[in-house]
Amino acid sequence: MKRIFDFKGRLLGLGMALLMVFSFNSMTAQRSEIGLFGGGGFYLGELNPTHLFAGTKPAGGLIYRYNLTPRWALKADFLFGRVEGSDATTNKGYERNLSFFSPITEFSVVAELNFFQLYNTTGKNRFTPYIFAGATLFSFNPKTVYNDEIYELQSFGTEGQGLEGGPEKQYKLTSFAIPFGIGVRATIGRYFSIGAEWGIRYTFTDYIDDVRGVYFDNDVLREHRGDLIANIADRSPELTDELGQPLPYHQAGEQRGNTTTTDIYSFFGLTFTVKFGNEDQTCDLRKPRKRR
């Protein structure tokens, strides 16, 4: 837990430092905007393979945008959210019977391309759709509820991490992702902008949900790590068959996750930004006229 808070602190410090540097360097041109993002987030992975927006939870954070031209902008996001999934509710009642939730904290830098040139002066275009893509650094920490108690899953090694015959190492709780998506923006007066966007984060980890490989031998897991971890690693016996008998534990080596794909998470919502710095008319960047 301490490592997670340390990482979040470093990530927050990095994000705020970069925002301040970008802002300071661009104040004289007033190409800078700073504001808020508010909306929701969801995940796609083993416990929610296909259902867009299922299990959506609130998300929000800070955004900074630097307008290069009326068509191009750079944006930095520092966002917080939560994602979750469950075989029972988002995976058609699959008898694996696993579930999780995880906080997500991310810092992203993306490039935005407006479909139309965007201005904040009267008589010129004030609305445009846009697309974006970039890079994301994020943290996560999968947890589950068992007997009304919340447990962090990474340290449990539910797939036998660290035991003979299992994966050698625990997975890390930080990773990178490629963010991409679409949005719309509109300027209001000289200083304000509102918008809406939807972004997908294609991650480089398959453990946001703590599910990836195969079942580890449940008896060995029970012997080395105790009943609690063994029961959480394979929750099929919590379900019953047609005769009312508990389902059996899975055999060692049976498929638990999908090693051919990685997890995805998404944020969508509304944005509100304010221009700051010396007074300017826009992002309307014109080349100076040559004197005759």
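In what pattern do helices and strands follow one another when the chain is read along the sequence?

## Overall architecture

Read along the sequence, the pattern is α-β-β-β-α-β-β-β-β-β-β-α-α-β, which amounts to four helices and 10 strands; helices (H or I, at least four residues) and strands (E, at least two) are taken as DSSP runs and numbered from the N terminus. This is a predicted model, in which local features need pLDDT of at least 70 and side-chain atom pairs count only at pLDDT 80 or more, whereas totals for chains, interfaces and linings use all residues. Residues are numbered from 1 along each chain as its sequence is written, and side-chain values use heavy atoms, with hydrogens and water left out.

Of the 292 residues of the chain, 47% count as buried, where buried means under 20% relative accessible area, exposed means over 50%, and partly exposed lies in between (1.4 Å probe, protein chains only).

## Strand pairing around β5

Strand β5 (residues 127–140) pairs with strand β4 (residues 99–114) in the antiparallel sense over 11 bridges, and β5 also pairs with strand β8 (residues 174–188), again antiparallel and over 11 bridges. Two strands are said to pair if DSSP finds at least two bridges between them.

## A nonpolar patch involving β8

F176, I178, F180, Y202 and F204 make a nonpolar surface patch of about 530 Å², and strand β8 provides the largest share of the patch, with three residues. Patches are made of residues with over 30% relative accessible area and no salt bridge, with like charges joined within 9 Å and nonpolar side chains (Val, Leu, Ile, Met, Phe, Trp, Tyr) within 5 Å; a salt bridge is a side-chain nitrogen of Lys or Arg within 4 Å of a carboxyl oxygen of Asp or Glu. I178, which lies in β8, is partly exposed, with a relative accessible area of 38%.

At the start of helix α3 (residues 218–225), a side-chain oxygen of D217 reaches to within 2.9 Å of the backbone nitrogen of D219, and just after α3, G226 takes a positive phi of about 100°.

In helix α4 (residues 227–233), N231 counts as buried because its relative accessibility is 17%. Leaving aside neighbours within four places in sequence, N231 is in contact with Y146, R222 and Y249. The side chains of N231 and Y249 are joined by a polar contact of 3.1 Å, a term for a pair of N or O atoms within 3.5 Å; within protein, one must be able to donate a hydrogen and the other to accept it, and residues adjacent in sequence count only if both atoms are side-chain atoms.

## Positive phi in two loops

F53, in the loop between β1 (32–44) and β2 (57–67), has a phi near 70°, a positive value in a residue other than glycine, and F53 counts as partly exposed at 38% relative accessibility. D148, in the loop between β6 (143–146) and β7 (149–152), likewise has a positive phi, near 65°, and D148 is exposed, with a relative accessible area of 74%.

Notes:
Contact means heavy atoms within 4.5 Å. Accessible areas come from the Shrake-Rupley method with a 1.4 Å probe; for residues, only the protein chains shown count as cover.
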